[in-house]
Amino acid sequence: MGKIAKLSRDDVEKVASMAQLPLRDKEKGGLVQQLSKIIDYFKEIQEVDTSGVEPTFNVSGVEQVVREDKAESVLSQSDVLGNASRKKNGFFVVDSLKKIF
Amino acid sequence: MSDVTLLTLAETIEGLKEKKFSDKELNRAYRDKVKKLNSRLNAFLRTDEREVGVPVAIKDVIITEGIETTAGSKILEGFISPYQSTVVERLIQSGCNVLGKTNCDEFAMGSSGENSAYGATKNPWDLNKVPGGSSSGSAAAVSADLSVFALGSDTGGSIRQPASLCGVVGLKPTYGLVSRWGLIAFASSLDCVGPITKSVEDASLVLDWISGPDRKDSNCSRKYVHNSDQLTKGAKGLRVGVPREFFSEGLDREVRKVIENAISKLEELGARIVEIGLPHSKYALAAYYIIAPSEASSNLARYDGIRFGKGREFFGGEVKRRIMLGTFSLSHGYYEDYFAKAAKVRTLIKNDFDMAFRECDVIAGPVSPTVAWELGAKIDDPLSMYLSDTYTIPANLAGIPGLSVPCGFSNGLPVGLQILGKRFEEETVLRMGWAFEEATEWRKRKPELV
């Protein structure tokens with residue numbers, strides 16, 4: 001029998017942090033409620049007998065498609081930087097790591 | 001000159017060939033109609049000005065080179081792709097031109113069109129009702145004759161359901177038939193690109209154009225070839241499986257009657273009706289709403305605002321909800337009971353179809369449990385919204401093709417008949433759909449938009 005999760009506000013904050021989703025306090029309350037209801041509905045599948053059943057991750061049955069290890073030109077540097085909100089001297093600009101950690 | 005916007009794709013191609021009208025006149029007529037009606041429908045997010053070729057509407061989760069693509073999200077506002085999606089490239093090579101990008105639920109997550117960051121699309125049959133989703137704008141555009149045809153995407157029903165609610169034809173191809181290169185990824189093991197059209201023949205033509213192996217989508221392996229003789233072969237000799245699970249509680253009584261009449265029609269046309277069981281289909285919804293959000297949480301991790309787009313605080317509510325569900329289902333301590341368990345249930349659902357297709361050639365049933373509902377009616381209860389995907393989701397989990405073809409009305413709103421087939425047997429699905437359409441003419445009824 002599987003674990004039936006009951007979400008707390010703490011859980012919501014942990015999951016949001018893992019998913020790098022900035023949430024306002026107002027949103028957190030609503031999410032606890034909505035997610036709990038949905039996750040509760042999921043417990044249905046835990047009653048299904050899946051002993052000996054292999055999981056399906058890809059229905060196409062295609063595996064290990066490879067190509068020759070040859071460099072090909074794809075996008076130009078200006079193409080790649082074209083939609084960046086912050087760029088400098090041909091680089092993407094990111095927040096300083098000191099700030100993140 | 002009679003209204004060229006009422007023509008199907010096949011009729012349009014013939015008209016251009018026989019010089020009944022020029023492609024400039026064709027494009028002008030559609031563009032004028034879009035200018036006149038789009039403010040009421042909000043089907044198109046933007047249009048392109050070129051006037052050559054057959055105009056096609058492209059769902060805004062499909063990338064178009066040089067034309068803004070937003071996926072219905074504020075995060076990608078202003079995003080202009082430096083490369084072309086394979087499906088649009090193939091359409092252009094076949095003589096088409098992008099008329100515009102259509103509205104959709106944000107990142108294709110939704111069943112009503114109301115999750116778009118750019119406002120909801122309205123159903124052309126009743127402007128107070130939802131058009132369905134997530135290919136809301138594409139279905140509404142074809143329904144209101146604002147485009148010759150459209151492309152949509154279907155991960156849990158997002159082509160078939162809005163097609164059903166808007167009274168047009170929608171085809172979700174076999175997973176692996178149409179390249180996903182350029183489709184903004186939602187759930188990679190489920191996403192399919194497909195046509196939304198005015199007729200079944202049109203869907204067959206478009207599928208021929210867009211399908212086929214593509215180096216850029218490793219899962220894409222085969223091609224569909226349009227064959228008029230096969231398409232018009234008729235229903236005689238085909239066995240139609242009717243799943244008892246698709247006709248139990250939850251299906252609106254009036255919709256049920258319309259679907260049952262449609263199935264009787266198939267029998268009248270020479271098909272043999274067989275009752276079948278899909279015993280694990282009742283778990284499909286739960287399995288899907290674990291698997292799809294899990295895959296989405298991974299796919300949407302790329303929206304970090306660094307290489308493109310804005311920061312993650314710009315995601316809408318439904319998208320945040322699904323990323324949270326997915327992250328939770330994949331997390332340590334829950335992976336086995338949620339994601340891995342759902343993947344095993346998926347195998348059982350797929351096996352149900354394999355078993356069923358031993359007794360029948362196609363499976364028929366409803367697309368949606370109800371007709372179109374009031375805008376705003378389900379927006380506060382995500383779970384009730386998810387339940388509208390009950391009959392469409394199983395086909396995505398199994399990777400099989402599914403067609404929605406107009407089969408009647410209930411309270412003045414369209415009802416679609418769903419026809420499912422074996423993997424890569426679009427020919428049989430379309431053949432059955434064509435036979436039904438030809439014998440009934442539901443598609444000729446149009447919404448009254450002044």
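Modeller: Helices (H or I, at least four residues) and strands (E, at least two) are DSSP runs, numbered from the N terminus. The model is predicted, so that local features need pLDDT of at least 70 and side-chain atom pairs count only at pLDDT 80 or more, whereas totals for chains, interfaces and linings use all residues. Residues are numbered from 1 along each chain as its sequence is written, chains are lettered from A and ligands numbered from 1 in the order in which they are written, and side-chain values use heavy atoms, with hydrogens and water left out.

Colleague: In which segment of chain B does E441(B) lie?

Modeller: E441(B) has a positive phi of about 60 degrees although it is not a glycine. Most residues other than glycine have a negative phi. E441(B) lies in the segment after α14 (426-440).

Colleague: Is E441(B) buried, partly exposed or exposed?

Modeller: Buried means under 20% relative accessible area and exposed over 50%, with partly exposed in between (1.4 Å probe, protein chains only). The relative accessible area of E441(B) is 46%, so the residue is partly exposed.

Colleague: What is the relative accessible area of A71(B)?

Modeller: A71(B) is found in the loop between β2 and α3 of chain B, and its phi is positive, about 60 degrees, although it is not a glycine. A71(B) counts as buried because its relative accessible area is 0%.

Colleague: Which residues does T64(B) touch, not counting residues up to four places away in sequence?

Modeller: T64(B) is in the loop between β2 (54-59) and α3 (86-93) of chain B. T64(B) counts as buried because its relative accessibility is 1%. The C-alpha atoms of T64(B) and P82(B), 18 residues apart along the chain, are separated by 8.5 Å. With contact meaning heavy atoms within 4.5 Å, T64(B) touches I58(B), T69(B), S81(B), Y83(B), Q84(B), V88(B), V98(B) and K101(B).

Colleague: Which two residues does a cis peptide bond join?

Modeller: Most peptide bonds are trans. The exception here has an omega of about 10 degrees, and one of its residues, S134(B), is found in the loop between β3 (96-102) and α4 (136-143) of chain B. The cis bond joins G133(B) and S134(B).

Colleague: What radius of gyration does chain B have?

Modeller: Chain B has 14 helices and 11 strands, and 67% of its 450 residues count as buried. Residues 24 or more positions apart account for 76% of the contacts in chain B with a separation of 6 or more. Because a compact globule of 450 residues would have a radius near 22 Å, there is agreement with the value for chain B, 20 Å.

Colleague: Which three residues supply 15% of the area that chain A buries against chain B?

Modeller: The contact takes 51 residues from chain A and 59 residues from chain B. Buried area, the accessible area (1.4 Å probe) that two parts lose on being put together, summed over both, is about 4,800 Å² between chain A and chain B, 67% of it on carbon and sulfur atoms. Supplying more of chain A's share than any other three residues are I45(A), V59(A) and N83(A).

Notes. The radius of gyration is taken over C-alpha atoms; the globule rule is 2.2 Å times the number of residues to the power 0.38.
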